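User: Hello! I am new to this one. Could you walk me through the terms as we go?

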Amino acid sequence: MDFNAIETSTLSKVYSSAFGRKKIEALSGLTLTVAPGTIFGFLGPNGAGKTTFVKLLLGITFPTSGSAKILGEDISGYKIKSKIGYLPENHKYPAYLKGSEVLDFYGKLSGMDGDILRKKIDELLELVQLTQWKKTKVKAYSKGMMQRLGLAQALLNDPELIFLDEPTDGVDPIGRKEIRDILLELKSRNKTIFLNSHLLSEVEQITDRVGILNKGKLIKEGTVKELTQKREEYKLSLEGAAVNDLVNHANNEFNLTSLGEGYFNLKVTDSNELNKILDAFRAKGIMIKEMVQQKDSLEDIFISLIKESENGGVK
Amino acid sequence: MKNILTITWYSLREAMARKVFISFFIISLLTIFFVAFIISMPNFVKAFVVGAGNNFLESFTALEIMFISPISLIGILMSVFSSASFIPVMLEKGNIDLLLSKPISREQLLIGKYLGGIAVVLINIALLIIGVWLVFSIKFSVWNFGFLLTIFTITFTFAILYSIIVLFGILTKSSAPGMMIAYLIFLIVSPVLYSVKYKLGVLIQSSLVKGIVDFVYYLFPKTSELMGKTTYDLATGGGITNYQPVLTSLGFLILTLGIAVAIFRKKDF
C-alpha cells in the first residue's frame, strides 16, 4: 500500500444550532496520519470529538473545512466504504432480525452475496463465539453479545481499514481479551485499525500509536513508548533491622517515601545517585528484595495532558 | 439497484415484524369473506341483475367499488399510520451511522426505504382487490379486468402521501408531523380544494381569489380525485378521462421526494 490508511488536513467541524445562533466547534483543524497495517488508538474525554472525527471520515457527517482521505481516496465518495469496516458506539440493529440475518443484511449492503456471504457469516459467528445464538433474534442479545455481533459485522467485507468505537464496551474481561486477540490477529494480516476507547490500559496494550484529543484539538500524538517514558523513580521492597530507622529518617537522608508493608518510593537524579543509595542501604544491612523502575502509564499521561490542556497549556 | 432492492426487501421484513402485514392481511381476508357472504345471500344476484337493467356492467362495477372504497380508505389510513415510523427508525442514532458507513449512496438508501413502504401497501391492496374481484367475477361470471387497475390508483395515492411522510421524517426525525400532514391533505385539503375549485368556483367573482384558488389547487396532490373519479374510470374500463389530477399529483410526489433526497444528502448524523 503506497498511501496512508488515514490522512487528514486541518479537518474541522462546527455544529450550528437552529438559525445558526449557537455554534459548537466539535473538531478544530485536525491534521493526522495513520500508517497502514497499524493499530491507532484515539483517546479523549467525553465530547472531545473522537466520534465526530470517525463520522467525518465515513461521510456520516460533513466537514466544515479541511480535507481527508481514507485508503488514498477522498472521503466524499461512498464506494471506498466497501474496503472499510465500522463498529459504532451504541449501534442499533433491527430487533426483528436474528444474529445471522443482521450479518446477511449488512453483508449485502457491503456488496457481498450468495455462498461467499453465507460462508463468511458462519466463519465470523464462530470467531466471535455466537454460532449457537445465530438463530436468536438480536433483541434477546446481551450488551456483550451485541458488541461481539457488531465486531463480526465490522469484519464482514474483509476490510482494509476498521473503525472501532468502544469495541469492548459491556464485554466481560475474558471477552475483552478475546477481542484484543482478534485485533492483534487482524494487525498481523496488515489491516489498519482505528480504535476509539476510554479503556486506556487496553489501548496501551495493543496500539502502535496514540492520539489524544481534547475539545476538538489533537493535543498529543506518538507511539505508546514515546508517551510513557520511564522516570528516575523506583519502587523498592526492603527488609532488615534498619528499615524502621530508614522510615523515620527517610526524608532527611534520601528522597524516599514509605508506601507501607516494606515498600518505598525512591526518587533519584541519575543512576550514579541510585547506586550510591543502594550501597548505603547495604552498608546499613538492608536487603533489597525488589526494585522496579517507575514509568508513566498512558492513564497518567492522559490525565496530565488533559489537565494541562484545560489550564491553557500550564501544568 | 441491488442496494435499493436490499433496503426495499428489509423494509418489507420490518413491516412484517411490526405486524403491519398480518393486520392488513387479516382485514383484507375478512373483507373478502364479508363480500362473499353478502353476495351469496339468497336472491342477491337475481335482484341485482333485475335492478341493474341495461346498465349492468356500470352497476356491477359500482357495486364492486362500493365494497372496495371504504376498505381502501381504511387501508390507506392504516398504511400511513404503520409506515410513518420507517424513516425516523432508520434515522435513529446507531442505526443510520451503520447504514451510512456501507458502500451505498444516501439516495439509494432513501429511495429503497420509500419503495419498501410502497411495496407493503401494493402487496396488501393487490391482495384485497384481487380477492374481491375474484369473488364477484366467480359469482356473476363477469370478468371485469379494469377493476384490477384500481390497485395502482390506490397505491399511487399512498405513494403521494408517503412522500410527505418521508420528507417530514427526514426534517423532524419523528413520525407524527408527517403523519398529521398526510392525513390533513388526504382527508381535508384535497376534498376541500376539489369542492372549492369545481363546486364553489362559479361563485368566486374576484380574479385574484380565483388565481389563488387555482394555484393552491394545482399545487397540492389530488388524492380525493385519484381515489374517486380516476379509480372509478379505470374500474369501469373507460380509461383515465382526465390526466390532470394524475400528472399534477405525480409532480407533487416528485417534488416532495426530490426535496427529501436533497435534504438527506446534506444532513449530518
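User: Where does B:Ser141 lie in chain B?

Analyst: B:Ser141 is in the loop between helix 7 (106-140) and helix 8 (150-172) of chain B. Helices here are DSSP runs of H or I with at least four residues, strands are E runs of at least two, and both are numbered from the N terminus. Please note that this is a predicted model, where local features need pLDDT of at least 70, side-chain atom pairs count only at pLDDT 80 or more, and totals for chains, interfaces and linings use all residues. Residues are numbered from 1 along each chain as its sequence is written, while chains are lettered from A and ligands numbered from 1 in the order in which they are written.

User: Why is B:Ser141 called exposed?

Analyst: A residue is exposed if 12 or fewer other C-beta atoms, placed from the backbone, lie within 10 Å of its own, buried at 20 or more, and partly exposed in between. B:Ser141 has 8, so it is exposed.

User: And what makes A:Gln129 partly exposed?

Analyst: A:Gln129 has 13 other C-beta atoms within 10 Å, so it is called partly exposed. This residue sits in the loop between helix 3 (114-127) and helix 4 (143-155) of chain A. Its phi is positive, near 60 degrees, though A:Gln129 is not a glycine. Most residues other than glycine have a negative phi.

User: How do you know that chain A is more spread out than a compact globule?

Analyst: Its radius of gyration, taken over C-alpha atoms, is set against a globule rule of 2.2 Å times the number of residues to the power 0.38. For 315 residues the rule gives 20 Å, and chain A has 25 Å, well over that, so it is more spread out.
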